[in-house]
Amino acid sequence: DVFFGFAPAIPNYYSAKTPSIMKRIGIRQLVLETDLEDMSNAWDDLKRGVEGLATALDMDACEVAEQAYENAERLYFGRK
């Protein structure tokens, strides 16, 4: 599997092209990430990532969070 991550901390996350790219990739290949240097804000950044994906993919934020978790399990632990 190939996975793609989008981090709200990166300016192009808010580009007009980003939602269409996310849609083309699809939720099963997307993971949440943060490129923050200060990890004290990581949870807030990940929440923004969930909200951004939910908006781009026209999905419920809870569904996005659950799928992102499953994707991370597949990426990092090889779980199907």
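Helices H1 and H2 are roughly perpendicular to each other (the class for angles of 65 to 115 degrees; under 35 is roughly parallel, over 145 roughly antiparallel, the rest oblique). H1 spans residues 18–25 and H2 residues 42–57. Their axes come within 9 Å and cross at roughly 80 degrees. Axes here are lines fitted to C-alpha atoms, for helices over the stretch in contact, with angles from 0 to 180 degrees between N-to-C directions. Helices (H or I, at least four residues) and strands (E, at least two) are DSSP runs, numbered from the N terminus.

This is a predicted model, where local features need pLDDT of at least 70 and side-chain atom pairs count only at pLDDT 80 or more, while totals for chains, interfaces and linings use all residues. Residues are numbered from 1 along each chain as its sequence is written, and side-chain values use heavy atoms, leaving out hydrogens and water.

**Where the helices meet**

Pro19, Met22 and Lys23 of H1 meet Leu53, Ala56 and Leu57 of H2 (contact means heavy atoms within 4.5 Å). By class, this contact has five nonpolar, no polar and one charged residues. Leu57 is in contact with Met22, Lys23, Ile27 and Leu30, leaving aside its neighbours within four places in sequence.

**The core**

The largest nonpolar core has 12 residues in all. Such a core is a set of buried Ala, Val, Leu, Ile, Met, Phe, Trp, Tyr and Cys residues joined through side-chain atoms within 4.5 Å. H1 and H2 are the elements that give two or more residues to this core. H2 gives the most, with five residues. Members include Met22, Leu53, Ala56 and Leu57. Phe6, Tyr13 and Val64 are also among them.

**Salt bridges**

Side chains of opposite charge can pair when their charged atoms come close. The structure holds two salt bridges (a side-chain nitrogen of Lys or Arg within 4 Å of a carboxyl oxygen of Asp or Glu).

| Salt bridge | Distance, N to O |
|---|---|
| Arg74 and Asp1 | 3.5 Å |
| Asp45 and Arg48 | 2.7 Å |

Arg74 lies in helix H3 (residues 61–77) and Asp1 in the segment before strand E1 (4–6), so the pair ties together parts that are 73 residues apart in sequence. Arg74 is buried at 9% relative accessibility. Asp1 is exposed at 66%. Buried means under 20% relative accessible area, exposed over 50%, partly exposed in between (1.4 Å probe, protein chains only).

Asp45 and Arg48 both lie in H2, three residues apart, about one turn of the helix. Asp45 is buried at 0% relative accessibility. Arg48 is partly exposed at 38%.

Key. Ala, Val, Leu, Ile, Met, Phe, Trp, Tyr, Cys and Pro count as nonpolar, Asp, Glu, Lys and Arg as charged, and the others, Gly among them, as polar.
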